[in-house]
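Good morning, and thank you for making time on the agenda.

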Amino acid sequence: MIKFVNRVVYMYWVALLLVACGSNKDIPIPDSDSVVKTYIFPDDFTNDLVGKEVTLKNAMFVSSTYKGSATGNITLSSQVLRTPTDKVMPGTSDYKKALEENMRNKLVLIPGEIVLTDEDHTLRVGTRMENLKGKVSVSGDNYALTITDRPVIKENRRPQVPEVGKYNMKVASMNLEYYMASPSMWGHSNGAKDEAAFQRQRKKVLAAMKEIDADVYAICEIEEGDYSVNELVQALNEEYGVTGKYKGIDSGDKKITSYTKNAFIYDTERVSPYMDFKTYEGTYLVLRHVAQCFELKENGSRVILAMNHFKSKSGNNATGGDKDQQDGQSQFNSRRVQEAKDCLLTYENLKKYYGDTDVLVLGDLNSHSNEDPVRIFTEAGYTNELQKYTPDSWSYVYQGEVGYLDHSLSSSTLTGQVTGAAPWDINASEPAYFEYQYTSFFQPNPYRYSDHNPIITGLKLTD
């Protein structure tokens, strides 16, 4: 009976409203297409949404910031995406599944007139965004969203130098991204174009080295010859206001070229080189595979540090077995496999030469954690220290996917003396417009001194 009365009252008021408006056709009825509906990316996205304005229910994360300006397009995903071969075996069904999932989970964000950076103009990989609202379109193989309102951007603070345990030797491996100090090399295809650009690069590299404060710096992508190494050593000493505290290992390499090599710079107060500098027993760019045994002055213990820079995945001149096999390892994998094998052979001989079995393999191997070259080391008994201590971090970002191209691998007798290993995420996750080539956002700090993160390894060496 009560429900019936309520119904009568309701119909009575509706009738009065119709009379007041003249007719029911004058009553505004919401257009269902004008309502901004909520969706989950990527699960709810189909071509039916193209041209429509939507709001995302789920949070999204910055996965790449390649553009050269603070207002350029970026890529988002529902989680930070790992390069498939950094977590699964190349060419397997798991690889293909991860590849498809990653491709589906990339959303191009078009800011339009909306500025998405904070007061420092940072928008690091991993930055969280909520309440995204915009119009859906298609950009290449991915959906795109032209935002119509500023989303909520969660703070993604720049990290401090990572802790790597209670060590008595700290080793930092660093890719300097074409550190060319010689004026004769400025303006070539790589490195600084002029003195002003080089001075900006120099300030950022020195800021990173000083803050890391390593006992040994293992460096790749520094100009061949002794000019750049000597210049960097002098600059580091000047930065500390001392003379002779830091020295470089003399590799006997005097000819300045546009190629880059590997080098060691060490703190003379903490360590000293033991016996001679060595290169590997291979044929491909021997100065990109170097080794030196260092002795810790504290207790006389020693470790062989091996710094590498394997053949890159880029280029279009691969032939034969070096061609891309479409298994996720890209071009020149066969070359990198041979480099790894040559390195292992070299290290066995170096153990005899130096009289020590403790080897720490470092550097840019241009191979992700589950690719063949890295597995050659782990299958030979080396421990992947980054997978052990910091498996969810990364050293490089490429096409919206993170992973480890740079590694820290310990021989079986050294593993128990490793106290920690971690990347310092000051490069890979930073927007490219912080690099020294650009002046608009330049600051003389460590951030984006290179495209690779430095890797820091702590050792507690025993006599």
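Ser330 is found in the loop between β16 and α5; helices here are DSSP runs of H or I with at least four residues, strands are runs of E with at least two, and both are numbered from the N terminus. This is a predicted model, in which local features need pLDDT of at least 70 and side-chain atom pairs count only at pLDDT 80 or more, while totals for chains, interfaces and linings use all residues. Residues are numbered from 1 along each chain as its sequence is written, and side-chain values use heavy atoms, with hydrogens and water left out.

Phi of Ser330 is near 65 degrees, a positive value in a residue other than glycine. Gln326 lies in the loop between β16 (302–309) and α5, and its phi, near 60 degrees, is also positive. Most residues other than glycine have a negative phi, and most peptide bonds are trans. Are these two residues buried or exposed? Gln326 counts as exposed, at 63% relative accessibility, whereas Ser330 is partly exposed, at 21%. Here buried means under 20% relative accessible area, exposed over 50%, and partly exposed in between, with a 1.4 Å probe and protein chains only.

A further backbone feature is the cis peptide bond between Phe41 and Pro42, with omega about 5 degrees. Pro42 is found in the loop between β1 (37–39) and β2 (53–56).

Finally, the helices. α5 (residues 333–354) and α6 (residues 372–379) pack at an angle of about 25 degrees, with their axes 8 Å apart; axes are lines fitted to C-alpha atoms over the stretch in contact, and angles run from 0 to 180 degrees between N-to-C directions. α5 is therefore roughly parallel to α6, a term for angles under 35 degrees. The contact, meaning heavy atoms within 4.5 Å, includes Val337 and Leu344 of α5 and Ile376 and Phe377 of α6.

Notes
Angles under 35 degrees count as roughly parallel, over 145 as roughly antiparallel, 65 to 115 as roughly perpendicular and the rest as oblique.
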